[in-house]
Amino acid sequence: MGIEKGKIQQILLHFVLWLTFYSVLLYPYIMQSRPMRFDLPVRMILLVVLFYFNYFYLVPKLLLKKKTAIYLLVSLMLVLGIVILIKFYYPGMPQNRIAFPKGSGARAPLGQFVMATIGLSVPFVISALLRIYTEWRKNDDLRQIVEKEKINSELQFLKTQLNPHFLFNSLNAIYSLSVKKSPDTSDAIINLSELMRYMLYEADKGFVPLNKELEYIQNFVKLQRLRLSDSENVTLKISGDDKGKIIPPLLFISFIENAFKYGTDFEGKTNVKINLSIKNESLQLYVMNKIGVFKKKSESSGVGLTNIKNRLKLLYPESHELLVNNDGKIYEVNLTLKLL
């Protein structure tokens with residue numbers, strides 16, 4: 001609903017702008033009953049072409065990608081080229097020929113050239129400002145959506161992971177280890193406490209050290225292995241240097257959580273593969289699970305995936321790639337992003 005409303009507002013804004021432009025162009029001819037110039041329709045068409053070429057191509061491809069010098073050079077050449085085309089080379093327009101009125105010297109053609117350049121530059125600049133404003137509004141709206149969804153996502157995550165069922169399974173696994181007098185009992189208790197501490201005290205921050213996020217993932221996987229009856233095919237591999245790097249908290253956990261959620265078959269065997277590779281300034285996450293017991297997709301899982309996509313768009317615009325593959329037997333997630 002909000003998106004449709006935004007599109008309608010943009011259409012109305014463009015309509016008002018063109019109504020204003022054409023009113024300014026036609027005003028002298030209508031009010032003074034002057035005959036229209038032969039080249040006026042061509043000028044009006046060129047205004048539209050120049051406006052939207054700048055709006056849809058030059059600004060997004062150059063200006064918004066911080067190629068300001070190239071954008072200014074291309075824009076200047078484009079405007080001057082069109083003015084020269086109209087003023088000197090467009091066939092069939094005798095009024096465009098260079099003529100020096102009596103007593104005017106050489107200033108008349110130069111003044112006409114300058115005025116024509118300004119006339120084309122004004123809508124060109126307006127189209128750039130309008131596109132910048134549109135992008136700012138879109139990013140601002142997305143930011144607000146992400147902030148609201150982040151709260152809902154964190155609450156949903158807490159409900160999913162820290163609910164009595166999760167705690168019961170984790171504590172039950174720890175109890176079984178203690179009965180068996182397993183040496184892993186103390187480690188399991190530490191893993192659970194570290195997991196809860198991270199979620200309660202770190203997850204509300206904008207960014208956290210990458211090594212802390214990786215420790216959280218390791219603790220999560222360890223606890224999952226404790227509650228599984230067969231975790232032989234559960235693998236977690238982390239490679240690369242994580243020093244000095246930061247990441248938004250809980251950015252990957254939904255992918256990993258879903259892999260465990262849907263990766264257990266009818267015999268209780270779980271097949272999950274998680275690879276996280278850090279190379280220079282990029283990070284690649286690969287999560288694979290064999291689709292085991294079929295479960296209807298819950299509404300919360302869909303919301304979680306939407307939240308992740310929105311966070312990625314906001315935090316890593318044009319610097320991430322998310323590929324999801326589901327052939328009915330294997331579910332794969334491949335996420336590559338450039339670290340901040």
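Asp-230 has Lys-269 in β4 as its bridge partner. The strands β2 and β4 pair in the parallel sense over eight bridges; pairing here requires at least two DSSP bridges between two strands. Helices (H or I, at least four residues) and strands (E, at least two) are DSSP runs, numbered from the N terminus.

This is a predicted model, in which local features need pLDDT of at least 70 and side-chain atom pairs count only at pLDDT 80 or more, while totals for chains, interfaces and linings use all residues. Residues are numbered from 1 along each chain as its sequence is written, and side-chain values use heavy atoms, with hydrogens and water left out.

**Sheet**
- Five strands form an open sheet in the order β2-β4-β5-β7-β6, with mixed pairing.
- β2 (230-239) and β6 (320-326) are the edge strands, and each pairs on one side only.
- From one strand to the next, the twist averages 5 degrees.

**Helices on the sheet**
- α7 lies across β2, β4 and β5 and runs at about 170 degrees to β2.
- α8 packs on the sheet and touches β2, β4, β5, β6 and β7. Its direction makes about 15 degrees with that of β5.
- Contact means heavy atoms within 4.5 Å. Axes are lines fitted to C-alpha atoms, for helices over the stretch in contact, and angles run from 0 to 180 degrees between N-to-C directions.

**The α6 and α7 pair**
- The axes of α6 and α7 come within 9 Å and cross at roughly 130 degrees.
- α6 and α7 are therefore oblique to each other. Angles under 35 degrees count as roughly parallel, over 145 as roughly antiparallel, 65 to 115 as roughly perpendicular and the rest as oblique.
- On the α6 side, the contact residues include Leu-192, Leu-195 and Tyr-198. On the α7 side, they include Tyr-216, Phe-220 and Leu-223.

**Nonpolar cores**
- A nonpolar core is a set of buried Ala, Val, Leu, Ile, Met, Phe, Trp, Tyr and Cys residues joined through side-chain atoms within 4.5 Å. Buried means under 20% relative accessible area (1.4 Å probe, protein chains only).
- The largest core has 41 residues, and Tyr-216, Ile-247, Phe-252, Phe-260 and Leu-337 touch the most other members.
- Elements that each supply at least two residues of this core include α5 (164-179), α8 (253-262) and β7 (330-338).
- α7 gives the most to this core, with seven residues.
- Phe-260 touches Phe-220, Val-221 and Ile-274, among others, not counting residues up to four places away in sequence.
- A second, separate core has 22 residues, including Leu-50, Phe-51, Val-79 and Ala-116.

Notes:
Buried means under 20% relative accessible area, exposed over 50%, partly exposed in between (1.4 Å probe, protein chains only).
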